[in-house]
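Welcome, and thanks for taking a look at this model with me. Below is a short tour of some contacts, cores and ring pairs.

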Amino acid sequence: MGSTATATATVTVEQELELLRRPLLAYCYRMLGSLTEAEDAVQEAMVRAWRSSGRVRDRDGLRPWMYRIATNVCIDALNDRKRRALPMDLTAASDPHGDIGPALPESTWVQPFPSGVAADPSEEAVSSESVRLAFIAALQYLQPRQRAVLILRDVLCWKAAEVAELLDTSVDAVNSSLRRARAVLARAHAETPAAEPIDTALLQDYVSAFQRFDIDGIVALLHHDVVIAMPPHAFWLRGRERFATWMRVSDVGCLRKRMVRTEANGCPAVAIYQERGGRYLATAIQVLEVHDGRIAEIHTFLQAELFPHFGLPLEMIG
């Protein structure tokens, strides 16, 4: 009887741990700036937790315990590692007549994150601003423990005492770290306007124009100083006329395309498939941001390996 009860209790704990998997993924993504690294971190945290689940007695303490484990995993992963970035953080705007250059290592870049991932209940009142690419990139300027403090306090709305317990430090130390983190973040995130919900008609017009490769039609939907970035390449452009020039001189229009709507980082996104030999192959995830009723940022992640993370196939039959 005792062993059966213990087994039942263990299963229940494991089920509760699974309910935390997706909220932890969003947390680890903010910490690491990488969807693939976040998935690895959550899996490592789960493995550590499962090994000790039989000793869990306080179910109310399960959530902070899991965030403590996940935080430690993330901090270990961040030690001695360069910060992830967006192309605009690394170099000046490119020449639209130039080559996009070599692909840099995956570890260079902030990755997109699929919207719709179940959030921690404490995130319900938090704006989608906390997963925008600009915010995630700004977080990379913080030291690992500062990053954890800011996310737990300002995004997940934990109390200072709760964060202090998680990090084995004092409330005064948490408050001091938070002040410094906010100052660094304000400098890194300066002059970044809030994103606007995209109009469905605007998105449809963009997809339609892009699939037809109607350059004038695309440009008409863009903000005058639109930013276009193309990780894993450091190549990026500012200004719709420069983007139009690049589209006219590059070979981007030579292949037929299909586009599938999705969402990423609290913004609309499209998955681009290019036709090759009668098949449409995964090519890029584009994350779109809108300001003043026009598309102001197009982050084109030329990384087909991201598609499965968005629940999208790598190939579509023509």
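Setting aside neighbours within four places in sequence, Gln-146 is in contact (heavy atoms within 4.5 Å) with Ser-177, Arg-180 and Ala-181. Gln-146 belongs to helix 7 (residues 144–155); helices (H or I, at least four residues) and strands (E, at least two) are DSSP runs, numbered from the N terminus. With a relative accessible area of 14%, Gln-146 is buried, where buried means under 20% relative accessible area, exposed over 50% and partly exposed in between (1.4 Å probe, protein chains only).

A word on the ground rules: this is a predicted model, in which local features need pLDDT of at least 70 and side-chain atom pairs count only at pLDDT 80 or more, while totals for chains, interfaces and linings use all residues. Residues are numbered from 1 along each chain as its sequence is written, and side-chain values use heavy atoms, leaving out hydrogens and water.

Now to the cores. A nonpolar core is a set of buried Ala, Val, Leu, Ile, Met, Phe, Trp, Tyr and Cys residues joined through side-chain atoms within 4.5 Å. The largest one has 67 residues, of which Tyr-27, Met-31 and Met-66 touch the most other members. Helix 4 (residues 62–78) gives the most to this core, with nine residues. A second, separate core of 30 residues includes Ala-209, Ile-228, Ile-272 and Ile-298.

Ala-209 is also among the buried residues of helix 10, together with Leu-202, Leu-203, Tyr-206, Val-207 and Phe-210. After helix 10 comes Phe-213, with a positive phi near 55°.

Finally, the aromatics. Rings of Phe, Tyr and Trp (its six-membered ring) pair if their centres lie within 6.5 Å; planes under 30 degrees apart count as stacked, over 60 as edge-to-face and the rest as tilted. The whole structure holds seven aromatic pairs, and two of the stacked ones are tabulated here.

| Pair | Centre distance | Plane angle |
|---|---|---|
| Tyr-29 and Phe-113 | 4.6 Å | 20° |
| Phe-243 and Trp-246 | 6.1 Å | 10° |

Tyr-29 in helix 2 (residues 21–32) and Phe-113, in the loop between helix 5 (87–90) and helix 6 (133–139), are 84 residues apart. Tyr-29 is buried at 0% relative accessibility, and Phe-113 is buried at 4%. Phe-243 and Trp-246 are three residues apart in helix 12 (residues 240–249), which means about one helical turn between them.
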